Structure formats: structure tokens, C-alpha cells
Amino acid sequence: MGIVGNLNPDQLQFFNAQGYLVLESFASLEEIDLLRKRMDQLLNEFDCSKSSSIFSTTNQQQSTDEYFFESAEKISFFFEEKAFDEEGNLKQPKQLSINKVGHDLHGIDPVFKKFSSSEKLSGLLCSLGYRRPVIIQSMYIFKQPGIGGEVVPHQDNTFLYTDPPTCTGLWLALEDATVINGCLWAIPGSHKDGLVRRFVRDENGVHFDKPSPTYDQKDFVSIEVKAGSLVVIHGNLIHQSFENSSSKSRHAYSLHVVDTDGCKWIEDNW
């Protein structure tokens, strides 16, 4: 029997045609439990009085601050836009107010590092043609009940660009993800149309080099998955998720990987 993460020809054909692939039961119940309990510990230790950085994809240029930049090599905490009242106070406990934690869980925390460097993830990346893959960022995403913000249509290569483009997203469901609590949606085959725009950092800060196209919501399909499923996302795939207006959270652990063999990391990435 081969390594769990290795893809068979049918799976590779689906991924190449559609731009995404769902691998059910990729993570065991024990692995899910370890990741979730470790995040509970990190949250309990987090002093929210020292930071109130908000993460938003609808206002990304303005909400990208120094705390966000420094998070590339740290474990940092970002709040939901709707977590605060008009006076700037949290409307609910911090555990129900955080949008995500990132962006170096895979490099700093032993529990997340163990999963991120597992043999099955290495086998998966090898199947996708990576020669010297590097995890460039990791995020624990909460999609909080009632206030979990939308993630607007985007491509991962927009934010993590190499020449040629090599980014792949690995999105692990730590809870069931449904259309009710804010699962992923994607436009099948949209990765074949190439990269639409980039998010660059220069002397003026960060900005998109082009305006966002308008997408027809009828072109998107929902990607509902059970806890433990891994969604593999091509770097040029157009994908999104809606607000979570339900009473259930939608926790996920997300990794983004690039190759370092035969390509160049572009210096004006955020």
C-alpha cells in the first residue's frame, strides 16, 4: 500500500481538469482533535488586550497593517470585523471573536508542525509534481458562528506569487463544512484562464495591481466536506466562501505551498 497522500491517475485528472480535489478522511479523528485542542490552548494564552488587528478580504488593502506583515514569521491573532461594538469592545468572548490565527503555525508550533510536515502531505505534493516544496504560510480559520466573515472571490497565486506560478492551497476541514456554515465555493476549471491580478507590496504599501473582475455567482459550485477532508486548491482557481450566519462554526487549517526548484519567489509579495 502506498503513502496515504499519493494521488492516483483519476484524482490527478480531476484536479487538472477542475482545479480542485477533495480527499476524504485525509486527517484522522485523533489528528483533528490534537489540532483543535492545541488551538484552544493558544487562544487561552492569547492576551487580546495587546492586539485588535482585524482581518478582512472585503477591505484588504486598508486592513493590512504592520501586525499583519510581522505575522509571516509568527503566530498572530486576527479578529472578525463584526467582533467589536461601536466603542471598540468585544461583543463576545475572544474564543468566538477570532477570524484566524497565522501565519507560521507550521514552523513554530510543534503540534501543527508535525501535521504540516507529515509523510502523507509530502506524498501529496510529490504527486502534484513538486520537487522542493516549501510551506509559505499556514492559518487556522474559525468562521465563527453568526459573524464569520465572507472571503471574496480570489486566486491564491495573487498573494503568493512565484515565477512561474507554483502555489497550491491545502484546506483541511476540522469541522463539517456546509453551505449553511460557510463552506468553500469554486468555479470549476477557472484555473485554466490564468492569473487575474496580483497583490503587491512596494514603497506605497500594499495594493492590487488591477481591479477585481466581476464574477457570475451561477458559475460557482459548493464544496461541502466532512471533517477530516482535505481540499486541494490550484493556485489559479477562483474560489470564495460566504458569511457564516449559522449557529455553528466552521474550523479549518489551511496551508499554502510553493516550489523552490525551477522557479523564483517574487520580492514584492506581501
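Author: Glutamate 243 is partly exposed, because its relative accessible area is 41%; buried means under 20% relative accessible area, exposed over 50%, and partly exposed in between, with a 1.4 Å probe and protein chains only. This is a predicted model, in which local features need pLDDT of at least 70 and side-chain atom pairs count only at pLDDT 80 or more, while totals for chains, interfaces and linings use all residues. Residues are numbered from 1 along each chain as its sequence is written, and side-chain values use heavy atoms, with hydrogens and water left out.

Glutamate 243 forms a salt bridge with lysine 82, and the closest N and O atoms are 3.3 Å apart. A salt bridge here is a side-chain nitrogen of Lys or Arg within 4 Å of a carboxyl oxygen of Asp or Glu. The pair links distant parts of the chain, 161 residues apart: lysine 82 is in the loop between strand 2 (75-79) and strand 3 (98-103), and glutamate 243 is in the loop between strand 13 (239-241) and strand 14 (252-259). Helices (H or I, at least four residues) and strands (E, at least two) are DSSP runs, numbered from the N terminus. Lysine 82 also counts as partly exposed, with a relative accessible area of 41%.

The structure holds 10 salt bridges. One of them joins lysine 120 to glutamate 31, with the closest N and O atoms 2.7 Å apart. Lysine 120 lies in helix 7 (residues 119-127) and glutamate 31 in helix 2 (residues 29-45), so this pair ties together parts that are 89 residues apart in sequence. Lysine 120 counts as buried because its relative accessibility is 14%, whereas glutamate 31, at 23%, counts as partly exposed. A further salt bridge is formed by aspartate 216 and lysine 218, whose closest N and O atoms are 3.0 Å apart. Here aspartate 216 is partly exposed at 34% relative accessibility, and lysine 218 is exposed at 69%.

Valine 151 stands opposite serine 241 in strand 13.

Valine 111 is found in helix 6 (residues 110-116). Apart from its neighbours within four places in sequence, valine 111 is in contact, meaning heavy atoms within 4.5 Å, with Leu34, Leu35 and Arg38. Valine 111 counts as partly exposed because its relative accessibility is 29%.

A search of the whole structure finds 0 disulfides, a disulfide being a pair of cysteine sulfur atoms within 2.5 Å. The sulfur of cysteine 167 is 11 Å from the closest cysteine sulfur, that of cysteine 263, which is too far for a bond. Cysteine 167 is buried at 3% relative accessibility, while cysteine 48 is partly exposed at 29%.

Definitions and conventions: Pairing = 2+ DSSP bridges.
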